[in-house]
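Q: I am new to this structure. Please show me how to read it, one feature at a time.

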Amino acid sequence: MASVLNSALSLNLSNFNSKRVRAHSLVSPLSLPLTRRRVTIRAADTDTNEVKPQAPVSGGAGGSSFNQLLGIKGAAQETNKWKIRLQLTKPVTWPPLVWGVVCGAAASGNFNWTLEDVAKSIVCMLMSGPLLTGYTQTINDYYDRDIDAINEPYRPIPSGAISENEVITQIWVLLLGGLGLAGLLDVWAGHDFPVVFYLALGGSLLSYIYSAPPLKLKQNGWIGNFALGASYISLPWWAGQALFGTLTPDIIVLTLLYSIAGLGIAIVNDFKSIEGDRALGLQSLPVAFGAETAKWICVGAIDITQLSVAGYLLADGKPYYALALVGLTIPQIVFQFQYFLKDPVKYDVKYQASAQPFLVLGLLVTALATSH
């Protein structure tokens, strides 16, 4: 399973956070929209100060059918409604949530390779990925449809490939399906309190306020990016651990701390859209602090978080796990200096593809450490 997830990682992480006002565990309910489209602003024309959005440069007739099925940029135009519905759920964003369930199950210390436990984990992954992440991605596209009409008019909703009523129906089907599976998992696990259901419900609400006005959390760099990081790390972990064991306060604190690293990852793609974010009034961290300061905030959040978790494991009497986590952090720092800190716009994809697998493996190391 880990090999399958890692094979999808380099493709997925480039989409981790590319959408703010279209202008990235559960917050989908188990995951927030992992791709934030933005409007790219170009210089004013001739003798006016009018700022215009740049025309889309990918997608449409010349796009890729493979990209269309994954729900990423460069997608081909499609007329098959079921393929369009799949595109709206952005399958490329599902693997991190699946991995979060794996980490939670491992951290519980109660997962066994029996047919029943494997079946439970698969159902939990189905709830976290295709259903609740699919719900989150679809509702995010719905509320960003006006910006997409400017920035990416070839996308399913603004292009008219699928009607708004059909999109609303899909949102409800995915949401109710995910909540239904969450309730089923509670019954299956014999929970007196439906903890998985309430995690899914809370994540669904957080997904809604992330994308929808008036709160629209993704408009704020700190709050939106932290919510995005938590959706990748904390919420699916909690769901997996609650399914097979007990969700304890120390695990909640530890995973929320780890979500600060997720915040750092979420900042990476903010650098591409500084001018557009500034023109739209979006307070991304590169806009608020400047690119030079923001890139150090980004790497600092990623590195300090992991080293702090390693310190926690060391203090908890688990030196080998702490050493393993430090060992996995070092290559990330090397790649930060080699790519990201040199040019966060030019090398963002190369940096994420190189560094983030080590962060993901560090999550599993932490999960295994907490299971003992």
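A: Start with one residue. Pro-91 lies in the loop between H3 and H4. Here helices (H or I, at least four residues) are DSSP runs, numbered from the N terminus. This is a predicted model, where local features need pLDDT of at least 70, side-chain atom pairs count only at pLDDT 80 or more, and totals for chains, interfaces and linings use all residues. Residues are numbered from 1 along each chain as its sequence is written, and side-chain values use heavy atoms, with hydrogens and water left out.

Q: Is Pro-91 buried or exposed?

A: Buried means under 20% relative accessible area, exposed over 50%, and partly exposed in between (1.4 Å probe, protein chains only). Pro-91 has a relative accessible area of 13%, so it is buried. Its C-alpha atom is separated by 8.6 Å from that of Thr-133, 42 residues apart along the chain.

Q: How do I read the crossing of helix H3 and helix H8?

A: Look at the axes, which are lines fitted to C-alpha atoms, for helices over the stretch in contact; angles run from 0 to 180 degrees between N-to-C directions. Angles under 35 degrees count as roughly parallel, over 145 as roughly antiparallel, 65 to 115 as roughly perpendicular and the rest as oblique. The axes of H3 (residues 81-89) and H8 (residues 164-189) come within 11 Å and cross at roughly 60 degrees. H3 and H8 are therefore oblique to each other.

Q: Which residues make the contact of H3 and H8?

A: Contact means heavy atoms within 4.5 Å. H3 gives Lys-81, Arg-85, Leu-88 and Thr-89, while H8 gives Glu-166, Val-167, Gln-170 and Leu-174. To sort them, count Ala, Val, Leu, Ile, Met, Phe, Trp, Tyr, Cys and Pro as nonpolar, Asp, Glu, Lys and Arg as charged, and the others, Gly among them, as polar. The contact of H3 with H8 then has 3 nonpolar, 2 polar and 3 charged residues.

Q: At what angle do H12 and H15 cross?

A: Helix H12 (residues 249-267) and helix H15 (residues 291-315) have axes that cross at roughly 155 degrees and come within 7 Å. H12 and H15 are therefore roughly antiparallel to each other. Residues in this contact include Leu-254, Tyr-258 and Ala-261 of H12 and Ala-301, Thr-305 and Val-309 of H15. The contact of H12 with H15 divides into 15 nonpolar, 4 polar and 1 charged.

Q: What is the largest nonpolar core?

A: In soluble globular proteins, nonpolar side chains tend to be buried together. A nonpolar core is a set of buried Ala, Val, Leu, Ile, Met, Phe, Trp, Tyr and Cys residues joined through side-chain atoms within 4.5 Å. The largest one here has 37 residues; Trp-237, Tyr-258, Phe-340, Tyr-351 and Leu-363 have the most contacts inside it. H15 gives the largest share of this core, 8 residues. A second, separate core has 34 residues, including Val-102, Ala-105, Leu-132 and Leu-179.

Q: Where is Tyr-258?

A: Tyr-258 is in helix H12. At 1% relative accessibility, Tyr-258 counts as buried. Beyond four places in sequence, Tyr-258 has among its contacts Ile-233, Leu-325, Gly-362 and Thr-366.

Q: What does Thr-366 touch?

A: Thr-366 has its place in helix H17. At 0% relative accessibility, Thr-366 counts as buried. Not counting residues up to four places away in sequence, Thr-366 touches Trp-237, Leu-254, Tyr-258, Val-309 and Leu-325.

Note on methods:
Helices (H or I, at least four residues) and strands (E, at least two) are DSSP runs, numbered from the N terminus.
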